[in-house]
Amino acid sequence: MTSSNYNKWNIILGWVAFSIALITYTLTIEPTVSFWDCGEYISTSVKLEVGHPPGAPLYQMLGAFFGLFTSDVTQLALVMNFMSALASAFTILFLFWTITYFARKLISSSELTKENGIIIFGSGLVGALAYTFSDSFWFSAVEAEVYAMSSFLMALLFWLGLRWIDEIDSPRGNKWLLLISFVVGLSFGVHILSLLVIPAIVYLFLLKKYIIDSYIKFIIANIIAVVVLIFVFKLLFPYTLKFFSASELFFINTVGLPFNSGSIIAAIILIAGFYFGLSYTRKHGKVLANTVILSILFVMIGFSSWIMLPIRANTNTTINENNPSSARELLAYYNREQYGDANVFFDTYYSVVFDRELDENEPYVDEKPKYEKDETSGKYIIVNNYEKATPNYSDKHKGFIPRMVNPAAVKNYKAIAGIPKASERRPTFAENIYFMINYQFGYMYGRYFMWNFVGKQNDEQGYLDINNGNWLSGINFLDEFRLGPQSDLPSDIANNKGRNTYYFLPFLLGLLGFFYQLKKDKKNLYPLLLFFAFTGLAIIFYTNPKPFEPRERDYAVVGSFYIFAIWIGIGVLALFDYLRKFTSHKSLAIGVVSLSLLAVPTIMASENWDDHDRSGRYTTNFVAKSYLDSCDENAIMFTIGDNDTFPLWYLQEVENYRTDLKLINTSLFNTDWYIDQMKRKTYIADPIPGILTHEMYKQGSLEVAYHVPRTENRIDIKDFMKWIASSDEATYVETNNGHKEKTYPTNKLRLYIDKEAVLRNKILPLKYADSIVSYIDIDIDDQGISKSRILMLDILANNNWKHPIYFTGGSHDDEEYIWLKDYLQLDGTAYKFVPMKTSNKDKTAFDMGHIDSETMYSKMMKWDWDIMSKPNVYLDIETRKNSVTLRNNLIRLADVLIQENQLVKAEQILDLSIEKMPVERYGHYGMVLGYVESYYMINKPEKARKLANLLTGKFQENLLYYSRFDEKLLDKVFDEIETNVLMYKNIVDVTSKYDEQNAQKMMEDFNSHVQLFKNILE
C-alpha cells in the first residue's frame, strides 16, 4: 500500500466513521428541550443572552447561527440538539485519525502492506465506533449541552497537537501551534474541560525536542506540562480580565474619563504591545520569542468571543445571569464569585458547623469589593461593606486536601467514611483520603468508567446500594457476587432499558491495547496517560463532588473515556499481532477487524440504542407546560431548582409561551442583579411589586436579617417591610466584626386580606367568598431570614392580590412557601396562594393544599396527555420522577371528585392517569396504590382488580427474586423487601375491604410470599 493510497483511505474511512456517528445521533436526538441545563443553553443561545457562570459565549453564538436554519420556534431546540450531534460526529472523525496515527507508529514493518493497512484502519473504526456508542458520550451527543462541543474541541486539539509534533521541524511547522493556540482560546467560550488536553500536548512537544531518560527529567517534564496549563487557565485569561478591570477603574475613578474608556485603552495597550513585541522579535530574529507572542495572541483572539457577554449584558437581556456588563463584573463572572471560593488543597471541613471558633489573630477577613457604576458621580463605587466582612475560622477544622467540606452533606460523609453519626470532631486525614479514594475515585469515577466499557445495571441513580446505578457485565457468576442473582429477574429489572451488558469485551480490548502500547511504544503511551488522568481523576479531584449529587456526573469525565477508546482501537492491532504468530493467512486482518467490530461497537450499539434514543420524546416540554398552564394569567410563580426553572425559561424565551408569567427562581433571588431583573417588565409580565430598592438590597446589604425580639405582638406585614426598608439606626444591630446588620422586631406577621380585591382579581371564585379569611398570620424564622425570603415577603406585602402567586413545589421547606403552607390550593402541578385556610398539620408533601375540583379538572383535561403515553418512546429517569407529581395530583383530584359524587369525572381522571402513564412503564408503584381503592369507591371493581393484579404481580416477582439472595447480601435489600411487603399488604387490605370474592385468594398469596422471609420479618 502506497503512502498516497494509505492517506486516501485514512481520510475516506474517517468520514465513514463520522457519517455513522452523525446518522446515529441524528436518529436519536431529542426533538425539543431536555431536563437540566439544556433549557437555559437553548434560551440563551437563541436570543444571545447571558447564562450561568463561567459562561459559554462561543457555544451560544454557534447556537444562534444554527437557529437561523429554522423559522419555526418549536424547531429551535431540535436544531440546537443537532449542533451537539454534529460536534460529536466530528469528535469521532478526529478520534479515528488519532487512533490510526498511533496504530501506524506501532507497525514494525517499514513497508506499509495491505494487511497492515487493513488492521490500522480496522483499529480506527473499532475504537472510534466504540466511543460513538458509549453510554456517557452518546448521552451528551443528543441534547443541547456544552459537553458535546467541548469533547469536539478536546479531540481537535489533541489531533492538532499530533500534527504539530510531526511537522515541528519543518519550515512552517509552527502553523499548527498557532492553530492550537486559537482553538485553546475558543475553548474558553465553550467549556474549560477542553483545556485539560494541554499537558498531553506539551509533553508530546517535550518528547519530540528532548530526551527524557531519567526520573528528574521526567518530573521536570510533568511540572512544565502542568505549569503551561496553569498559565493558560489560571493566569493568561484571568489576568487579562484583571488588567481590563484595573484599567477601567483607574481611568474612570482616577483620571475621570467616561465609563468603558479604561477597557478601550486596555485593548489599545494590548494591541500595541503585541504589535511592538512581534515587530521587535521579528526584526532581531528572536524566533522562539516571536512564536510565543504569536501563540498568546492567537489564544486571546480565540477567547475574544467573551466580548459578546458584556455587549449583551448591557442590553439588559431577559436572562442576564450575574450581569457581566463591565470588565470588573466580567472578571467576577469568570471567577464564579457567585458560588464562593473553594481551595482543593487546604480548606475547612464540614465539622466547622459544630464549632465556629474564629481565628484569634484575624477573626474576620475582607470580602472582594463589589463595584457598581454611579451615573451621578461618573465613577465606580464600592457598594458592599467588604472590610472584615467574612468570618475567618481557626485552623481547628481545616486540613490538607479537604474532601468532606459541604455541611449539607454531613450525614452522607459520615456514613461513607465510617464516622459516628453523633461525632462533631473534624474528620481525620485518613478518613478524608478514604472518602476520596473509596467514594470519589472508586464509586463515582470507577463506576462511570465501567458503565461505558463493561455494562450498566439500569438507568437509576446509584446511592451506594446494590439495586441501582451499578456496573454490570452480563457474566452472571461475576455479577452475582456483588449484586445478587442475575437469572430469572423480575420484569422491571430485566426490561429496564438502561440495563446494558458488554461482557467486559470493550474493557478487555482496551486493556489489551494499553499493555500492547506499553510494551511497544512507551514514548507515546505516557502523553495518553496524562490526557486520561487529567480528564478523569483530576476533574473529580478539582470539582470535589459531594456524595449523592442531584444527578450522576459521568458526562464530565468523558475525556478519559476518549483515551480509553484509543486503547480499544490499539487492542485490535494487538490481537492481530498476537494471532499472526499462529497463522499467516491473508484474511487474518479482515477476520480480526470483523470480529472486533461485532464484539465491541456492534454489541454496544445494540445494547445502548433503546436508552439513548430520545426521538419522539416531548415529556420535558409537557412537564414544563404543565407548570405554566397551572397558573392563571399574569401570575408570579416561584421556582427552585433546575428542572422546574430552565425548561420553563425555554418555553417563554424560545417558544414565546405564557410570557405573561413572572418566573422567580428563589435560588437566584439572593443576588442583587437578579432582583433588579425581576423588578423590570419582561415581555408582557409586570415587574414584581415591592418597596425595596436596589440601594437597600445591593450586594453586601440585607444579605440576612436577624430576629432581635422587641415585641410579642403580631405586626402588619406592610409595617414589617417598612421596618426592613428603614435606614433608621434602631433597625440595625452591630455584629462582632463591627458591621451593622438589619434586624426584625418580631417573627410574627399578619397579612390583612382585601376580600374585594381577591374576588375582583378572581384569586378565588365567588363560591368561596364566605371562606375567605380576614387575615393570615405568618410565623417566619425565629433566628434570621435571607435576602430571598425578605424579597418574597416584600412581594406578598405589596401585591394586594393583583397577581396570583404560585409555587412549583420543588421543596418541602416551609420558607420556600413563605411560611404559607396552610393557605395553598393545588392547581394542576403548581400551588396557588389563596386566602382560605387548609391546615397542613400532620400532612405530607403529597397531601398539601386545598383542591377546587372544577378549576383543577378544567386545567388538567386541556393538557396533551398523549405526549406521555407514546409507546415506543424511552422514558428517562427525570420523566419518571415527574410522573410521581402528576400521578399524585391526579388521584388527589379524583378523590375530591368522589367526595363530591362526581363519579364520571373521577373515573375519567383515574383512567387518564393509568392509560396515559402506564404503570409498567412509569413505575413508582407506591403512588398507584390509592388508585385501587378509588376504583372500588366509584364502583368499578373490574378496573380495581386489574390494577391490583398488576401491582401484586410486580410485588410477587420482586419478593421471589429477593428470596433467592444469599444471606451476605440479604441485608442490602432488606428495605426493598419491607417496602414490597408493605405495598402488597396495602392492596390486600383494600381488597378485603371492598372485594370479599377475591380477598381470600389474595391473602393466601400474600402470606405465602411473606413466608419466604419469615426469618427476617417479624
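Lys985 and Asp989 form a salt bridge in which the closest N and O atoms are 2.9 Å apart. The structure discussed here is a predicted model. Both Lys985 and Asp989 belong to helix H38 (residues 974–994), where they are four residues apart, about one turn of the helix. Lys985 counts as partly exposed, at 32% relative accessibility, and Asp989 is likewise partly exposed, with a relative accessible area of 35%.

**Salt bridges between separate parts of the chain**

The whole structure contains 50 salt bridges. One of them joins the side chains of Lys370 and Asp672, at 3.2 Å from N to O. This pair links distant parts of the chain, 302 residues apart: Lys370 is in the loop between strand S2 (364–365) and strand S3 (371–374), and Asp672 is in helix H26 (residues 672–678). Buried means under 20% relative accessible area. Lys370 has a value of 16% and is therefore buried; Asp672, at 4%, is buried as well.

A further salt bridge brings together the side chains of Glu815 and Arg789, at 3.6 Å from N to O. Glu815 lies in the loop between strand S18 (805–807) and strand S19 (824–827), while Arg789 lies in helix H30 (residues 787–799), so the pair ties together parts that are 26 residues apart in sequence. Glu815 is partly exposed at 29% relative accessibility, whereas Arg789 is buried at 7%.

| Salt bridge | N to O distance |
|---|---|
| Lys985 and Asp989 | 2.9 Å |
| Lys370 and Asp672 | 3.2 Å |
| Glu815 and Arg789 | 3.6 Å |

Salt bridges also occur as a network, which links Glu30, Glu143, Arg614, Arg617 and Asp876.

**Packing of two helices**

Two packed helices are described by the angle between their axes and by the distance between those axes. For helix H32 (residues 877–899) and helix H35 (residues 929–937), the axes come within 11 Å and cross at roughly 25 degrees. How are H32 and H35 oriented to each other, given that angles under 35 degrees count as roughly parallel? H32 and H35 are therefore roughly parallel to each other. Their crossing is left-handed.

In this contact, H32 contributes Arg887, Leu890, Ile891, Asp895 and Ile898, which meet Gly930, Tyr931, Ser934 and Met937 of H35. The residues of the contact divide into five nonpolar, two polar and two charged.

Conventions
Residues numbered from 1 in each chain as written. Predicted model: local features only at pLDDT ≥ 70, side-chain atom pairs only at ≥ 80, totals over all residues. Heavy atoms only, no water. Axes fitted to C-alpha atoms, helices over the stretch in contact; angles between N-to-C directions. Helix = DSSP H or I, 4+ residues; strand = E, 2+ residues; numbered from the N terminus. Parallel < 35°, antiparallel > 145°, perpendicular 65-115°, else oblique. Left-handed = near helix turned anticlockwise from the far one by under 90°. Contact = heavy atoms within 4.5 Å. Nonpolar A, V, L, I, M, F, W, Y, C, P; charged D, E, K, R; others polar. Salt bridge = Lys/Arg side-chain N within 4 Å of Asp/Glu carboxyl O. Buried < 20%, exposed > 50% of the residue type's maximum accessible area, 1.4 Å probe, protein only.
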